[in-house]
Amino acid sequence: MIGIIGAMEVEINTIKSQIDDLDKVKKGIRTFYTGSISGKEVVLVLAGIGKVNAAVTTTLLLEHFDVTSVINIGVAGGQNGVKHKDVVISSEVLYHDVDVTKFSEYKHGQLPGSEPTYIADKTLLNKTKSILDFLQYNYKVGRIASGDQFVYSKETIKEVNSEYSDIYAIEMESAAIAHVATMYNVPFIIYRSISDILDDENQAEDFDKFVEAASLNASKVLEKLIGVI
Ligand code: ADE
């Protein structure tokens with residue numbers, strides 16, 4: 001069964017409407033929507049915003065359902081040349097707000113006991129790329145960075161930007177989802193559509209303006225992707 005996680009209602013609403021034989025079941029503090037898309041069994045859950053919500057929800061998902069891959073979709077802030085509504089697919093994800101670098105063995109973003117980044121599943125990555133090529137969307141494959149902040153300046157994440165040159169999307173959940181999926185040894189892929197661009201003057205307004213269209217973009221990809229997983 002394919003596990004799908006979104007942080008905000010607007011990010012999951014379209015997908016929810018695509019689920020056939022929709023049913024809902026509560027596990028712990030979260031409501032899970034089950035059914036099928038393109039004939040494949042899926043379970044969808046609304047995580048809420050931020051890393052703790054993401055981690056709790058992913059844990060419940062993986063403890064209660066027989067999930068063989070985790071997909072996180074939604075929106076993100078963009079940088080390094082991406083534009084509104086472009087899609088960024090994760091090669092790897094990392095935390096931008098973790099700093100244990102006082103101990104020299106750790107990179108910025110790395111937690112003791114973890115690798116510096118969480119690596120997405122190559123097969124899921126290649127399948128997502130094929131769908132985006134087919135849909136003729138603009139997209140980048142690169143790193144996605146998460147933290148408990150709405151980031152509006154490249155300066156805020158300068159440490160991870162100086163470590164990695166290919167962070168295209170910044171959001172608030174995916175590294176926590178990837179972290180938990182990695183702990184459970186379940187393959188994952190993250191892709192996010194860009195709602196706002198770091199350092200743009202109208203970033204907050206742009207978020208409001210593009211969040212729906214960007215969410216819809218990400219959902220369209222998902223329906224096709226599930227068909228080929
Ligand atoms: N989600 C969408 N845009 C974002 C931003 N700029 N920072 C964090 N999360 C986001």
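The largest nonpolar core here has 60 residues, and those with the most contacts inside it are Leu 61, Val 70, Phe 188 and Tyr 191. Keep in mind that this is a predicted model.

**The cores**

**Helix H2**

- Helix H2 covers residues 51-64, and its 14 residues should span 20 Å at 1.5 Å a residue; the end C-alpha atoms are 20 Å apart, so the two agree.
- The buried residues of H2 are Lys 51, Ala 54, Thr 57, Thr 58, Leu 60, Leu 61 and Leu 62.
- Leu 61, then, is on that buried list and also turns up among the residues with the most contacts inside the largest core.
- As background, an α-helix has 3.6 residues a turn, so residues three or four places apart point the same way.

**Ser 193 in strand E10**

- You'll find Ser 193 in strand E10, which runs over residues 188-197.
- Ser 193 has a relative accessible area of 0%, so it counts as buried.
- What lies 3.3 Å from a polar atom of the Ser 193 side chain? That's the backbone oxygen of Lys 85.
- Not counting residues up to four places away in sequence, Ser 193 touches Gly 74, Val 75, Ala 76, Lys 85, Asp 86, Val 87, Ala 214, Asn 217 and Ala 218.

**The largest pocket**

- The largest pocket has a volume of about 230 Å³.
- Its lining is made of 19 residues, and the closest to the centre are Val 75, Phe 150, Glu 171, Met 172 and Phe 207.
- Strand E5 (69-78), strand E9 (167-171) and E10 each give two or more residues to that lining.

- Most residues other than glycine have a negative phi.
- Ser 38 isn't a glycine, yet it has a positive phi of about 50°.
- Ser 38 sits in the loop between strand E3 (30-37) and strand E4 (40-46), and it's partly exposed, with a relative accessible area of 44%.
- Asn 185 isn't a glycine either, and its phi is positive at about 65°.
- Look for Asn 185 in the loop between helix H5 (174-183) and E10; with a relative accessible area of 69%, Asn 185 is exposed.

Key. Residues are numbered from 1 along each chain as its sequence is written. This is a predicted model: local features need pLDDT of at least 70, side-chain atom pairs count only at pLDDT 80 or more; totals for chains, interfaces and linings use all residues. Side-chain values use heavy atoms; hydrogens and water are left out. Helices (H or I, at least four residues) and strands (E, at least two) are DSSP runs, numbered from the N terminus. Buried means under 20% relative accessible area, exposed over 50%, partly exposed in between (1.4 Å probe, protein chains only). A polar contact is a pair of N or O atoms within 3.5 Å; within protein, one must be able to donate a hydrogen and the other to accept it, and residues adjacent in sequence count only if both atoms are side-chain atoms. Contact means heavy atoms within 4.5 Å. A nonpolar core is a set of buried Ala, Val, Leu, Ile, Met, Phe, Trp, Tyr and Cys residues joined through side-chain atoms within 4.5 Å. The expected span of a helix is 1.5 Å times one less than its number of residues. On a 1 Å grid over the protein atoms alone, a cavity is a set of points where a 1.4 Å probe fits but cannot get out, and a pocket is an open set with protein on both sides within 12 Å along at least five of seven lines; lining residues have an atom within 4 Å of a point. Grid points are joined across faces, edges and corners, and a volume is the space filled by probe spheres set on the points.
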